[in-house]
Amino acid sequence: RRGSVLVIDDETRLATTLRLALTERADVEVAEGGAAALTVLAREGVVFDLVLCDLMMPEVSGMDVYERTLETRPDLAARFVFMTGGAFTDRARDFLKTSGMPRLEKPFALADVERILAERLAS
């Protein structure tokens with residue numbers, strides 16, 4: 001079946017690359033930044049098989065998006081995979097250590113994202 005993916009990243013080029021790379025296998029929506037992601041995730045009936053979320057974004061971080069989603073839509077929170085170029089704050093390091101959420105270290109191979117999507121669709 002065709003999947004559905006939400007890409008949350010403030011880096012337009014990375015988000016666009018992911019959208020283009022995954023379009024054959026999934027319907028891909030892009031939210032440019034955490035605030036835009038909260039708007040998408042608040043829409044009634046929205047469901048994603050995979051949420052690729054940048055960890056470190058200005059104003060509303062990936063951690064903020066995840067924590068809000070955990071409160072309001074725990075079914076979607078379980079579908080997050082974080083993308084990070086490094087956890088540069090104590091909060092980010094603690095979050096990655098204690099949350100147990102999967103992550104992709106930037107730069108990552110598109111094959112890794114495709115594998116994660118295939119695993120999500122198979123489960």
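**Close-up views of a predicted model**

**View 1. Glu-67 in its helix.** At 34% relative accessibility, Glu-67 counts as partly exposed. The model shown here and in the other views is predicted. Glu-67 is placed in helix H3, which covers residues 62-72. Leaving out residues up to four places away in sequence, Glu-67 touches Arg-91 and Phe-95. Ala-77 is 10 residues from Glu-67 in sequence, and the two C-alpha atoms are 8.1 Å apart in space.

**View 2. Packing of H3 with H5.** Two packed helices are described by the angle between their axes and the distance between the axes. For H3 and helix H5 (residues 90-99), the angle is about 50 degrees and the axes are 11 Å apart. The two helices are therefore oblique to each other. H3 passes H5 in a left-handed crossing. On the H3 side the contact is made by Met-63, Asp-64, Tyr-66 and Glu-67, and on the H5 side by Arg-91, Ala-92 and Phe-95. Sorted by class, the contact of H3 with H5 has four nonpolar and three charged residues, and no polar ones.

**View 3. Packing of H2 with H3.** The axes of H2 and H3 come within 9 Å and cross at roughly 20 degrees. Angles under 35 degrees count as roughly parallel, and H2 and H3 are therefore roughly parallel to each other. H2 passes H3 in a right-handed crossing. Gly-34, Ala-37, Leu-38 and Leu-41 of H2 make the contact with Val-65, Arg-68 and Thr-69 of H3. By class, the contact of H2 with H3 has four nonpolar residues, two polar and one charged.

**View 4. The nonpolar cores.** The largest nonpolar core has 25 residues. Leu-6, Ile-8, Val-65, Phe-80 and Phe-82 have the most contacts inside this core. At least two of the core residues come from each of strand S1 (3-8), helix H2 (34-42), strand S3 (50-54), H3, helix H4 (74-77), strand S4 (80-84) and H5. H2 gives the largest share of this core, four residues. Another core, of 18 residues, lies apart from it and includes Leu-14, Leu-22, Phe-108 and Val-113.

**View 5. Surroundings of Phe-82.** Not counting residues up to four places away in sequence, Phe-82 touches Cys-53, Leu-55, Gly-62, Met-63, Tyr-66 and Phe-95, together with Met-101, Pro-102, Arg-103 and Leu-104. Among these, Met-63 and Tyr-66 of H3 and Phe-95 of H5 also belong to the contact between those two helices.

**View 6. Thr-84 in strand S4.** Thr-84 is found in strand S4. At 2% relative accessibility, Thr-84 counts as buried. With neighbours within four places in sequence left aside, Thr-84 is in contact with Leu-55, Arg-103, Leu-104, Glu-105 and Lys-106.

View 7. Most residues other than glycine have a negative phi, and most peptide bonds are trans. Glu-59 has a positive phi, near 65 degrees. The place of Glu-59 is in the loop between S3 and H3, and with a relative accessible area of 80% Glu-59 is exposed. The peptide bond from Lys-106 to Pro-107 is cis, with omega near -5 degrees. Pro-107 lies in the loop between strand S5 (103-105) and helix H6 (110-122).

Notes. Residues numbered from 1 in each chain as written. Predicted model: local features only at pLDDT ≥ 70, side-chain atom pairs only at ≥ 80, totals over all residues. Heavy atoms only, no water. Axes fitted to C-alpha atoms, helices over the stretch in contact; angles between N-to-C directions. Parallel < 35°, antiparallel > 145°, perpendicular 65-115°, else oblique. Left-handed = near helix turned anticlockwise from the far one by under 90°. Contact = heavy atoms within 4.5 Å. Nonpolar A, V, L, I, M, F, W, Y, C, P; charged D, E, K, R; others polar. Core = buried A, V, L, I, M, F, W, Y, C linked by side-chain atoms within 4.5 Å. Buried < 20%, exposed > 50% of the residue type's maximum accessible area, 1.4 Å probe, protein only.
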